[in-house]
Every structure is written in C-alpha cells, then in structure tokens.
Amino acid sequence: MLSLLILLLNLTNHAFGQNPAIKAILTNKGLQYASHIGADWMQEKIGSMIIPDVRGGVHIGIGTVNYVLDGISVSGCDVPEPSVEFYEGVGLKAVISGLSISFTGNWHTRFGIITDGGSFDLAVFNVDVASVVQIGSDCSGHISISSENCDAKIDEASINFHGGASLIFQPFVTLFHNRIKAIIEERICPVVEEHVTDLERHLAEMQVSFKVNSALVLDVPLTNSPLVDSISLGLDLKGEFYSVQSHTDPPFKAEPFNLPEDNDHMLSLGLSEFTVNSASYAYFSAGLLQAQINDSMIPKTSPFRLNTTSFGPLIPQLPKLFPNMLMELQVYARDVPMFSFQADKVTLKFPGAVKAFAIQPNASWTPLFKLNVDSIFSGVIRISEEKLKGLMELSNFTLTLASSEVGIFQTAALENFMKLGMKISVLGKLNAKLEEGIVLPTMHHIHLVNPALKIQEGFVSIASDLDVKSGERESTSEAIYPY
C-alpha cells in the first residue's frame, strides 16, 4: 500500500539548516493511486500469511476432546480498495473494510486412546483493518517510517470439517470459534508491520549521494522533516551537485522558493536555479569547461581556416608577424556560467575567454592574444512526447581584447564574425539536439504521465501523473536512482 510513497522517500536523508533546491509534493490524487497499487500488494502479502497451529480441548461431558488444527494456509483472498488519507502531522491512515479470507488445513483429535483427523475449510468475512503509519526522521537523520497503530477486527467466521468423524466434531466448533477468530486477527497486523519494518530498514541503508556521470555527484538529502498536512506530503531536498574530484560548496546559496500544489496531478516537482548552477560550478571548478580547437576540427568545406592567413582581414598585422602559420585556440569559461529562471524563460550567462596561439614550424606554440567573450543565451524548455525539448537563442555577444602579443587591434569585425559563427554553427547544432529531445528520467519504474512543465521565477516546476508498471511494482523497495 505504501510502495509509491516509499519511492518518493528513497532518495532522502537530512541536511537541516539549508534551503531546499528541489521540492516534491505528493497530492491526494497520487496517494489514491498508491492505494490502488497497495490493494494488489495487500492481496499478495495476505496470501503468504502464516497461521500458527491451533491447539485446545473441548469438554463433552464425559471427558475432554483435545484437538489440533495445523497446516493452515490461505486459499483465497478478496481485498477491497483501501481508503487512504494523509494524517496531518503524523503520516498516513489506511482503512480496509470488508476484507474476506479463506483458509484450508488439517484437523486432529484425541479422546483418550481414540484419535481421528481430516481436513477443514475456514472463512472469515467482513474483516476491517485500520493502520496508521508515521513518517518522520530518526536520530541519524534518515527518513523514517513506523507503524504507529494497527487494528484488525473479524466480524464473521465459519469453519467446516471433512473426513473422519467430522460430523460428530462439527457441533463443538462454536466452543473454540472465538479463539480461531482471535488468532487470525492477531496475524493480520504483523503482516502490515513487517512490511513497514522492512521498508524502514531499507531507508536507513539508503545512500543520499549518487554519481551522475564521470564528473558529477548529486546530493539529495532532506533539508527539513517531511511535511504532512490533510491533503499532501511535502519533501524538501538539498539538490546539490558536486565534482567527483572534491566536495566543495559553490560560492552561492540556494534561495527559498514556494512550489505551488497542483491537486489535478499526482506529483509536483520543483527544481531551483541552485541545482543547475551547482552543476555548472562543479564542472567549472574541475576544469572541465574548456576545449582546444585546431584547424582539423574546421569543416573542410569552410573557406575560413584556422591559420594566420585567414585571420588577416580581421587582424591585419597577424599574417605579417606570423606568415601562413596554423593556429590553436584555447576556449574556456573564465568564471562560473550561471543560469537564471524567469517567467517562461531560461537565461544563461557564459563568461568565456579565448587564447590564440601560432604553431611554429618546430611545433612550439607562440601566444598571440587573449579575448574575453561574454555571451548571454536565452530560451525555453518544454516537455513533448515524453522528452525534454527546448530552443535557445543568442541574446547578447560581446568580445573585448584582454591582452595581445601582436599589438592592439579592433575587435568589432572579429566580434561580428564570431557571432555569426556562433549562431550558424553552435546554436544550430544545439537546437537540433534540443529538438530531438532528452528522454525524461524515470524513478525505478515510475513513469511520468502527461507532465506539464512551467518556468517560474527562480525555479522550474513539473506537475505530472504517475504510472507504475504492474510487472515492476514488486521491486519497489530496491535501491533506486532517478536519473
């Protein structure tokens, strides 16, 4: 019953005192979907319920008949749709009304030296089960769940004996009828509590740092205790990327943001600027935002070559000082590129630089000049065909001469040339990739259904329904990674 909820909790731990960069809200609609999945789980668990042997004696006036009921197993189960609701300040409350379970087993009697035996059928009807699960945190900071209360009541029970002298034994059933009901009642709540305990143990063992790729690690501990009100469950996550080389915090903090609830969807997610900017900082601090460009990388059909001759119209003195030499460019970010989210728009400010070198006949490099290249990109992102797609444009491009070993030169012509190349080549390829789209990640077989993305001030929100594939539900307590 709790499987979908636990998937949301699997990636959490505590990092109190920080603003969250990722938020998640499970709505009542999502909880009801989880309860539907829970009915299948409940039926499976009850089907494997173990009932201990029942032993006792029945006084028949001339003595006592001792009996044993053993080999009791569940032969059928009818689980109605559970009623599940958020229990404000606690966690969840679930109620199942009208549950029916049938059993089969063997009976044995002894009266003095006389023994007998056979089989029996047992059925319990109108079973009501009520359970309260508390959601909180333990002393070590992990998310915790515990069974705060569970109660099971059986309204009716019937038992029929077969074989042996069962016709003689059957009239005495009412004498131990209540005991059989009590024993079965005692076994129902432990089934629920054992599953909660298993999930709690799993959560306590969960990792909260995940290696995204060869360069990045994502930390997603909780920054606050889970917030449960009457209509939703809210989770606040740290959502910070680090370089695998060093666990260094960026020189900026996550700003608070309010993720609106969308009760028309099962789940709402919010991703702040901090998360993507922490990834940018991790790449930058690891020295990964740089590239070497040489003439072999220029399309052979291009009339412009990466040599001093081609640069002559832009920097007249260059081919005179270094005639007909190949060039090499070092392109890098001179500071952390920063993303910002405004209403319906994403902006990226990229402070870059280019160092140019002439390649001498002896293969040595001679420094020529350094350019500061400041670019501002803006664009939109959307979800289409279960993919994240987008479109970017160059909003501003400024080129300035930072230093020169070939003398002062005007940069206006070079700026226009590089801006044109940026729009035609770089942005063209980038937008082609963005239009292809990036397949949305899944959370351990949980698939987003009809997700709606909205860019808001300081964060991006995604509201979505969910689908857990039926063949994959039974593995929901395994370790997961959402990327």
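Val228 stands opposite Leu233 in strand 11. Two bridges join strand 10 to strand 11 (residues 232-237), and the two run antiparallel. Strands (E, at least two residues) and helices (H or I, at least four residues) are DSSP runs numbered from the N terminus; two strands pair if DSSP finds at least two bridges between them.

The model is predicted: local features need pLDDT of at least 70, side-chain atom pairs count only at pLDDT 80 or more, and totals for chains, interfaces and linings use all residues. Residues are numbered from 1 along each chain as its sequence is written, and side-chain values use heavy atoms, with hydrogens and water left out.

**Sheet and helices**

An open sheet is formed by six strands in the order 10-11-1-13-22-21, with antiparallel pairing. Strand 10 (227-228) and strand 21 (446-456) are at the edges with a single partner strand each, so one side of each has no neighbour in the sheet. Strands of a sheet pair through backbone hydrogen bonds, either parallel or antiparallel.

Helix 2 (residues 28-47) lies across strand 1 (22-27) and strand 22 (459-468), at about 65 degrees to strand 1. Helix 5 (residues 273-285) lies across strand 1 and strand 13 (267-272), at about 50 degrees to strand 13. Contact here means heavy atoms within 4.5 Å. Axes are lines fitted to C-alpha atoms, for helices over the stretch in contact, and angles run from 0 to 180 degrees between N-to-C directions.

**Aromatic rings**

Rings of Phe, Tyr and Trp (its six-membered ring) pair if their centres lie within 6.5 Å; planes under 30 degrees apart count as stacked, over 60 as edge-to-face and the rest as tilted.

| Pair | Centre distance | Plane angle | Class |
|---|---|---|---|
| Phe120 and Phe161 | 6.1 Å | 50 degrees | tilted |
| Phe304 and Phe311 | 5.4 Å | 65 degrees | edge-to-face |

Phe120 is in strand 6 (residues 114-137) and Phe161 in strand 7 (residues 143-162), so the pair links distant parts of the chain, 41 residues apart. Trp107, Phe120 and Phe161 form one aromatic cluster.

Buried means under 20% relative accessible area, exposed over 50%, and partly exposed in between (1.4 Å probe, protein chains only). Phe120 is buried at 1%, and Phe161 is buried at 6%. Phe304 and Phe311 are both buried.

**Other contacts**

Lys23 lies over the face of Phe257, 5.1 Å from the ring centre; the criterion is NZ of Lys or CZ of Arg within 6 Å of the ring centre and within 35 degrees of the ring normal. Val65, in strand 3 (residues 64-78), is buried with a relative accessible area of 12%. Val65 and Thr109 are 44 residues apart in sequence and 6.5 Å apart in space, C-alpha to C-alpha.
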